[in-house]
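Let's take a walk through this structure together. Have the sequence and the 3D view open, and follow along one spot at a time.

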Amino acid sequence: MSLFALTGAVLAQVPDWPDEEREGVVVNYTEAKVGRFTLPDPLRLNDGRPVTDAETWFAQRRPEILRLFETHQFGKAPAAPDGITFDVTDAGTPAFDGKALRRQVTVYLSGSKNGPAMDLLIYLPAAARGPVPLLLHVGFTANNTLVRDPGVKRGAIWNRDGVREPAPDSSRFGQLRVLPFVEAGIGVATVYYGDIEPDFAAGLPHGIRQTFLRPGEQLAPDAWGAIAAWAWGLSRAMDYVETDAGIDAERVALIGVSRLGKTVLWTAAQDPRFAAVIASCSGEGGAALSRRNYGETIKLITLPQRFGYQFAGNYARYGDDPGQSPVDAHMLVSLVAPRPVLLQTGTTDKWSDPVGEFEAAVAAEPVFELLGEKGLGTTTMPPAQTPIFHTIGYYMHEGGHGTQPDDWDQYLAFLQQHLLRD
Ligand code: GCU
């Protein structure tokens, strides 16, 4: 194994906080107590040989890293079902004062109309003269609650008791930002993650994963967790997009927040059809280095009473010593190369470890460079509110977890730079 160690070149822009205890585990928020570690080298094959050209990366190293993430972190998802079907229930209705055309599509995820179905809501710029780039969002709540558009089909959400009920008209998750994107010539689409797989430990019998299990069969330790299921569903949305003449399927970016930030990274890693990805506060299991003992850790995230179900069973094996894992977050970021990836964090989102996301971006850079793309180009962490937008982008807002209203301006600028250039 080759050694790739980050030195102390990263200037912490994030204040230390007192430790806290969660589930009997001490959570560290002091930079000096993060610990020393060595990252696996993304540019060295499992057998130790260095990767010095793009061909070896794509033919050998990239598939190796993908397999490692499947086996040890997210779990292996099945191939797309044969004969996946789509129902276009709304082919193009004017919306947003006529500036957008709305499409609504039901995606039958198992290929059968009796199986799980996902509602895909799409707004395309009404003024478009040809196929447009698209930002595909995966959300925490039903599509109709994310936009003020009475024409959108009311979805069904999972309530706290794990039962599906009709979605309300609005939610605490805020609104999807549609207008600035369509005005810039970029379509916006969204799906509700609960249409694919519920987000609770006992959800397995109700989602897409169980349709692939034989009666009585258990999930294997390397079988897909909920994040891999959500990622699989996003690939099914892409299956539809490839059939839509109004969208340029080669310019589709993904966006998701938090556990859905982890999800969009894993989606883009596996499915090269996606052209770019924006991961907001993806944290542990996403873009934050697991080897840093700071904020949430593998130990905490994989606890059965917390989020173990979101990952392959194997992931919990690294809870006591993340250094034993053959992967870390920089390798997840590197799987997106040479496509653009924006990591957005927040100064007070200490649970998600914004410094750990910055360091992962730095450590992924050699892969982007090998493929002729520019990484962050610095090992010094930028201050809050100061984006770095190369093929790897990093932007830390002043504030806490998730997407803040102004972040959408940064997302748009990043996509304009990467999806609208010739
Ligand atoms: C929890 C979890 C995080 C996750 C977050 C979210 O805080 O520990 O890993 O990112 O929920 O999805 O909001």
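## A proline in a loop

Start with proline 338, which you'll find in the loop between helix 7 (329–334) and strand 12. The peptide bond that joins alanine 337 to proline 338 is cis, with omega at about 0°. Keep in mind as you look around that this is a predicted model.

In general, strands of a sheet pair through backbone hydrogen bonds, either parallel or antiparallel.

Which way do strand 11 and strand 12 run relative to each other, parallel or antiparallel? Strand 11 (residues 276–280) and strand 12 (residues 341–346) run parallel, and four bridges join them.

## Around serine 258

Between strand 10 and helix 5 there's a loop, and serine 258 is in it. Is serine 258 buried or exposed? With a relative accessible area of 14%, which is under the 20% cut-off, serine 258 counts as buried. Its side chain makes a polar contact with the side chain of histidine 401, at 2.6 Å. Leaving aside neighbours within four places in sequence, serine 258 is in contact with Phe140, Ser280, Cys281, Ser282 and His401.

## Two positive phi angles

Cysteine 281 isn't a glycine, yet its phi is positive, at about 50°. You'll find cysteine 281 in the loop between strand 11 and helix 6 (298–301), and it's buried, with a relative accessible area of 1%.

Aspartate 353 is another residue other than glycine with a positive phi, near 60°. Aspartate 353 is in the loop between strand 12 and helix 8 (354–370). With a relative accessible area of 2%, aspartate 353 is buried too.

## Rings and charges

Next, the aromatic side chains. A search of the whole structure turns up 20 aromatic pairs. Take phenylalanine 69 and phenylalanine 74: their ring centres are 6.2 Å apart and their planes are at 25°, so this pair is stacked. Phenylalanine 69 is buried, with a relative accessible area of 0%, and phenylalanine 74 is buried with a value of 0% as well. Both belong to one aromatic cluster, made up of Phe69, Phe74, Trp266, Phe311 and Tyr315.

For an edge-to-face pair, turn to phenylalanine 181 and tryptophan 408, which have ring centres 6.0 Å apart and planes at 85°. Because phenylalanine 181 lies in helix 3 (residues 179–183) and tryptophan 408 in helix 9 (residues 407–419), the pair ties together parts that are 227 residues apart in sequence. Phenylalanine 181 and tryptophan 408 are both buried.

Rings meet charges here as well. What sits over the ring of tryptophan 351? That's the charged end of arginine 22, 4.0 Å from the ring centre. Lysine 350, in turn, lies over the face of tryptophan 17, at 4.5 Å from the ring centre.

Key: Residues are numbered from 1 along each chain as its sequence is written. This is a predicted model: local features need pLDDT of at least 70, side-chain atom pairs count only at pLDDT 80 or more; totals for chains, interfaces and linings use all residues. Side-chain values use heavy atoms; hydrogens and water are left out. Two strands pair if DSSP finds at least two bridges between them. Rings of Phe, Tyr and Trp (its six-membered ring) pair if their centres lie within 6.5 Å; planes under 30 degrees apart count as stacked, over 60 as edge-to-face and the rest as tilted. Buried means under 20% relative accessible area, exposed over 50%, partly exposed in between (1.4 Å probe, protein chains only). A charge sits over a ring if NZ of Lys or CZ of Arg is within 6 Å of the ring centre and within 35 degrees of the ring normal. A polar contact is a pair of N or O atoms within 3.5 Å; within protein, one must be able to donate a hydrogen and the other to accept it, and residues adjacent in sequence count only if both atoms are side-chain atoms. Contact means heavy atoms within 4.5 Å.
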